[in-house]
Amino acid sequence: MRAQFVMSEIGIGLRRNLTMTIAVVVSVALSLALAGAALLLRDQVSTMKGYWDGKIEVSVYFCNKTDANQGSVNKNCAAGAATQNQIDSVQAQLEKTGLIEKIYTETPAQALSEYTKQDPNNPLLASLTPDSMEYSLRIKLKDPQQYQIITGMVGGQPGVMKVEDQSQVLKPLFNLLNGAQVVALVVMGIMLAVTLLLIVNTVRVSAFSRKRETGIMRLVGASNYYVQMPFIAEAAFAAVVGAILASGMLAVGKYLLIDRFLRNQIQLINFIGWGPVFQVMPLMLVLGVGMSSIAAFLTLRKYLRV
């Protein structure tokens, strides 16, 4: 088959069905952009989890003098402030587990100083004393997923007011991102279905509009492959253009939304770089071309039978 013939047939098909071709290009671009965004969102969630897993700590807070008045709420604090022996006992138990990477201590005076730095204009500072603050142990685990073992071990120990796991604070954020990923995948599936229908209709209309030409080609002995190739190439061409547009939308979205806005507004999140974006672009091209070509091929088997 001569390339010149294929290119001329592609040009004829695109001109005859220009409106539907544009619709296919736009649909493919939107579908692939959503697919790429869903993949990048998955990478973002994985990056955030990996980043915070290395920073998440378990904090053990010990009873102070004021907690003795709240014995009905926390029975461990009914006897008053935790003694040094109780603190040392808890720390020794933690060190024997083999799960601990490092333990940081924070005295009530240090806790008050840190609280003052974080909120220097708080009117309550005038009434706060070191006795109002808790002595605490901040524990960095080798495996952050083992925090429940630490909670079960020291949560009921004498003098322990509470055990707090920082990962529980971030859990709603991860749930929100996972939910957004599911929504993106559902919308992507709907858009892909709409795109496939448009491709099928476009190929079918193109096949009917050139029924006379394909009939002549049949009479002169043209093979199925020779007849179908221009139609498949048209669909693949529309998919390539759509994939390029989708790649552009992802790049613009990454630059404007993440690099120029979110990265400056939210310092606590480790956002993905350009590497995952460039890795997704070839996948969108392969997905678009493969989807369009297969849809066109299956449609032509019905409407261009020998």
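This note comments on the fold, the sheet and one surface patch of the structure above.

1. Basis. The model is predicted, so local features need pLDDT of at least 70 and side-chain atom pairs count only at pLDDT 80 or more, while totals for chains, interfaces and linings use all residues. Residues are numbered from 1 along each chain as its sequence is written, and side-chain values use heavy atoms, with hydrogens and water left out.

2. Overall composition. The chain holds 9 helices and 4 strands; helices (H or I, at least four residues) and strands (E, at least two) are DSSP runs numbered from the N terminus. Along the sequence these elements follow the pattern α-α-β-α-β-α-β-α-β-α-α-α-α.

3. The chain has 306 residues, of which 40% count as buried; buried means under 20% relative accessible area, exposed over 50%, and partly exposed in between (1.4 Å probe, protein chains only). Accessible areas come from the Shrake-Rupley method with a 1.4 Å probe, and for residues only the protein chains shown count as cover. Among contacts (heavy atoms within 4.5 Å) between residues at least 6 apart in sequence, 82% join residues at least 24 apart.

4. The sheet. The 4 strands form an open, antiparallel sheet in the order S2-S3-S1-S4; two strands pair if DSSP finds at least two bridges between them. Strands S2 (100–106) and S4 (160–165) are at the edges with a single partner strand each, so one side of each has no neighbour in the sheet. From one strand to the next, the twist averages 20°. Axes are lines fitted to C-alpha atoms, for helices over the stretch in contact, and angles run from 0 to 180 degrees between N-to-C directions.

5. Strand S1 (residues 57–62) runs antiparallel to strand S3 (residues 136–141), and 5 bridges join them. Glu-57 has Lys-140 of S3 as its bridge partner. Helix H5 (residues 147–154) packs on the sheet and touches S1, S2, S3 and S4, with its direction at about 175° to that of S4.

6. Nonpolar patch. Leu-18, Ile-22, Val-26, Leu-30, Leu-245 and Met-249 make a nonpolar surface patch of about 510 Å². Patches are made of residues with over 30% relative accessible area and no salt bridge, with like charges joined within 9 Å and nonpolar side chains (Val, Leu, Ile, Met, Phe, Trp, Tyr) within 5 Å. A salt bridge is a side-chain nitrogen of Lys or Arg within 4 Å of a carboxyl oxygen of Asp or Glu. Helices H2 (18–53) and H8 (224–265) each supply at least two of the patch residues, and H2 gives the largest share, 4 residues. Leu-245 lies in helix H8 and counts as partly exposed because its relative accessibility is 42%.
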